[in-house]
Amino acid sequence: MNLKDIVRPNIWNLKPYSSARSEFKGEASVWLDANENPLNQPYNRYPDPLQSSVKAAIARQKGVAVENIFLGVGSDECIDIVYRTFCRPGVDNVVAISPSYGMYEVCADVNDVEYRKVRLGDDFALDVDALLAATDANTRVLWICSPNNPTGNAFDANLLADICRRAENAIAVVDEAYIDFSSKPTMLRELASLPNLIVMQTFSKAWGSAAVRLGMAFASKEIIDIFNKVKYPYNINQLTQEYALRMLENASQVQQWVQMLLDERGKLVAQLQMLPIVKHIYATDANFVLVRVSDACDIYQYLCRRGIIVRNRHRVELCEQCLRITVGTNQENVTLIEALKEYGK
Ligand SMILES: Cc1ncc(COP(=O)(O)O)c(C=O)c1O
């Protein structure tokens, strides 16, 4: 893959904004370069535009180099920057598995990029030949979410690597928002050997920090350097950077949360299996389960009336009569099961 051939020409040639904080990075006692207010310290100062401390901590945690990390305002910013970097509006297209996370398509629409869906097979299996058959010379990105939202299944690492190799003139994004809950390995280890791979992860799920809005994209230095040109200069604010550093020091807590949620997931599935209204529970590698029920819309409305909110996926492709249920605390899951036992009585 020649990166220049798949980056939008205007982005390849872009001269990025040079911020005050990127022009002078050293120590100083008098800061008069950024039109900041000298009062209200420390929040009067613009934050580190490249988030060096946070990235160093993420690099240690994930075993990747700082130069291979991009941080966005949630994975959602990472998704959008992929479009803005690689896809010429009105010309290029992307190919995605279906069903999958809705923002890939919304961002395609926002960026005026054709979005091609390739339906998953039985048990939501991924047909690599079908995926590649949907590509053409203007395909810039393949979107693969693993574990996939809303189906819950994760794809085999060999299969994902195979897609990267065979689609060598496109970017393959593997969105690993739910990877911490999966028995399958992360694709981060493959970054060095797959130059067209971008792996996305987030602080919103296992890290329990959806409110903070911090997402990660991992890729070759060449791709990350381009993302850094395209992003807003100070996209990750100081409060978020400080918070992320504290979270990263506390990674063992996250491991405990994940273990607790996996235990709860097992109990929830076992309880759901005993309910007559439950027709099928799909295998899951995530912190949610997709469940086919007797009447998804009616059960959804019933649960809403009881103050219990799940996601009705009935209108999503291949998810007829399905509810997507996030694993909660033990108390929340018990409340859900008790309510479902009373449904129809
Ligand atoms: C697959 C997937 N990717 C990304 C996101 C969004 O992540 P973030 O909160 O980091 O924007 C979600 C949120 O539900 C998701 O399901």
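Helix H11 (residues 251-273) packs with helix H13 (residues 330-342) at an angle of about 10 degrees, their axes lying 10 Å apart. That makes H11 roughly parallel to H13, a label for angles under 35 degrees, while over 145 is roughly antiparallel, 65 to 115 roughly perpendicular and the rest oblique. Keep in mind that this is a predicted model, where local features need pLDDT of at least 70 and side-chain atom pairs count only at pLDDT 80 or more, while totals for chains, interfaces and linings use all residues. Residue numbers start from 1 along each chain as its sequence is written.

**The H11 and H13 pair**

- The axes are lines fitted to C-alpha atoms, for helices over the stretch in contact, and the angles run from 0 to 180 degrees between N-to-C directions.
- On the H11 side, Glu 264, Lys 267, Leu 268 and Gln 271 meet Asn 330, Asn 333 and Ile 337 of H13; contact here takes C-beta atoms, placed from the backbone, within 7 Å.
- That contact divides into 2 nonpolar, 3 polar and 2 charged residues (Ala, Val, Leu, Ile, Met, Phe, Trp, Tyr, Cys and Pro count as nonpolar, Asp, Glu, Lys and Arg as charged, and the others, Gly among them, as polar).
- With 13 residues, H13 reaches 19 Å from its first C-alpha to its last, close to the 18 Å expected at 1.5 Å a residue (1.5 Å times one less than the number of residues).
- After H13 comes Gly 344, with a positive phi near 85 degrees.
- Helices (H or I, at least four residues) and strands (E, at least two) are DSSP runs, numbered from the N terminus.

**Domains**

- The chain splits into domain 1 (3-249) and domain 2 (252-342), with bounds from an automatic or database domain assignment.
- Taken over C-alpha atoms, the domain centres are 29 Å apart.
- Domain 1 puts 21 residues into the contact and domain 2 puts in 20 residues.
- On the domain 1 side, the residues touching domain 2 are 10 nonpolar, 7 polar and 4 charged.

**Around the ligand**

- The shell (C-beta atom, placed from the backbone, within 6 Å) includes Tyr 101, Cys 145, Asn 149 and Asp 175.
- Helix H5 (residues 74-86) gives the largest share of that shell, 3 residues.
- By class, the shell holds 4 nonpolar, 6 polar and 2 charged residues.

- Most residues other than glycine have a negative phi, and most peptide bonds are trans.
- Gln 41 and Pro 42 are joined by a cis peptide bond, omega about 0 degrees, and Pro 42 sits in the loop between helix H3 (20-23) and helix H4 (52-62).
- Asn 40, also found in the loop between H3 and H4, has a positive phi near 65 degrees.
- The Ser 98 to Pro 99 peptide bond is cis too, with omega near 5 degrees.

Note on methods. Two residues are in contact if their C-beta atoms, placed from the backbone, lie within 7 Å.
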